[in-house]
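Here are some exercises to work through with the model open in your viewer. Try each task by yourself before you read its solution.

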Amino acid sequence: MVKYTLQNTDTVNPPTFAVSFSENTLQDRAKNLAEQLVLPLISVTEACHFTFVLLLTENGLHLQMPQHPEMKDLKVDFLTGEMGYRLRHLKNQTQLLAKAIKLTPPNTTVLDLTAGLGHDGYVLARLGYNVTLLERSPIVAALLRDGLKRAATVQSNTHVTLIEEDAHTYLIAIKEGGLKPNVIYIDPMYPTHHKKALVKKEMRILRQIVGADTDAETLLPLAIACAQQRVVVKRPRWADPFAKQAPHHCLFGKQHRLDIYLKIN
């Protein structure tokens, strides 16, 4: 059974979570999910009492905010919508992240330390890389696992593995003798900036679920020690280098840049 620890800066009114289901035929599956996450299983009519509800439906797992009905459900979907379009047209796009990794698939292993909703990691997997996604939040991992499962029914040749574990713990195990990936990718939560517009809805929700990600900068020295060849960090164009450590070089996109730290033995 997964032990769920809420990480959130709001200690006065921390978010509350529950699991529900849209059809009676899904009740057993929803019960299993609730037990795994150590969360209450509720009916749809009880949802208004919780900040977040993981709703199991016939077309996937949705994260709802019942107290904010104007907010659309959050769902990991690699087959339709904006992400589906992006994945169907990969060959017609310039993949900045692939340029940063530089190595050639399929024998290149990439460890994504901060998977979140899995967008970048899954793009790399569809480009042929062997990708491992790490996600420490059981709530986010449940959404991502559901999206990966549905995508696998259509895109079965994608080499991607999801591991629900804290990145620090995982890296320490690698440093103590585990198998080192060729490349480590870090996409930490963007720092706040008063001149910038609000971040996307998905990122605001993730921040509320997992907290401020204040320990992310300590990942960089560990990642550099554990990567065989390089570490790639995603940053806003305007932001200082991650952990105040200057990269060897950078690649710039329209909204962000990729800082590259080479492994020099």
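## Exercise 1: A strand and its neighbours

Strand 7 (residues 183-186) is covered on both faces, with Val183 and Tyr185 buried on one side and Ile184 and Ile186 buried on the other. Buried means under 20% relative accessible area, exposed over 50%, and partly exposed in between (1.4 Å probe, protein chains only). Helices (H or I, at least four residues) and strands (E, at least two) are DSSP runs, numbered from the N terminus. Before going on, please note that this is a predicted model, in which local features need pLDDT of at least 70 and side-chain atom pairs count only at pLDDT 80 or more, while totals for chains, interfaces and linings use all residues. Residues are numbered from 1 along each chain as its sequence is written, and side-chain values use heavy atoms, with hydrogens and water left out.

**Task.** Find in which sense strand 7 and strand 8 pair, and name the bridge partner of Asp112 in strand 7.

**Solution.**
1. Recall the rule: two strands pair if DSSP finds at least two bridges between them.
2. Strand 8 (residues 230-236) and strand 7 pair in the parallel sense over four bridges. Here Tyr185 stands opposite Val232 of strand 8.
3. Strand 4 (residues 109-112) and strand 7 pair in the parallel sense as well, over three bridges. The partner of Asp112 is Tyr185.
4. For the two faces, keep in mind that side chains in a regular strand alternate between the two faces of the sheet.

## Exercise 2: The three-stranded sheet

**Task.** Work out the strand order of the open sheet of three strands, and find which helix runs at about 165° to strand 1.

**Solution.**
1. The order is 1-2-3, with mixed pairing.
2. Strand 1 (17-21) and strand 3 are the edge strands, each pairing on one side only.
3. Neighbouring strands are turned by 20° against each other on average, direction ignored. Axes are lines fitted to C-alpha atoms, for helices over the stretch in contact (heavy atoms within 4.5 Å), and angles run from 0 to 180 degrees between N-to-C directions.
4. Strand 1 pairs with strand 2 (residues 52-57) in the parallel sense over five bridges, and Phe21 stands opposite Leu56 in strand 2.
5. Helix 1 (residues 27-37) lies across strands 1, 2 and 3 and runs at about 165° to strand 1. Helix 5 also lies across strand 1, strand 2 and strand 3, at about 150° to strand 3.

## Exercise 3: Salt bridges

**Task.** How many salt bridges does the structure hold, and which parts does the pair of Asp77 and Arg150 tie together?

**Solution.**
1. Start with the criterion: a side-chain nitrogen of Lys or Arg within 4 Å of a carboxyl oxygen of Asp or Glu. The structure holds seven salt bridges.
2. Asp77 and Arg150 meet in one of them (4.0 Å, N to O). Asp77 lies in the loop between strand 3 (60-64) and helix 2 (81-88) and Arg150 in helix 5 (residues 138-152), so this pair ties together parts that are 73 residues apart in sequence. Arg150 counts as buried, at 18% relative accessibility.
3. Now widen the view: Asp77, Asp146 and Arg150 are linked in a network of salt bridges.
4. Arg86 and Asp120 also meet in a salt bridge (3.9 Å, N to O). Because Arg86 lies in helix 2 and Asp120 in helix 4 (residues 119-126), the pair ties together parts that are 34 residues apart in sequence. Arg86 is partly exposed at 26%, whereas Asp120 is buried at 12%.
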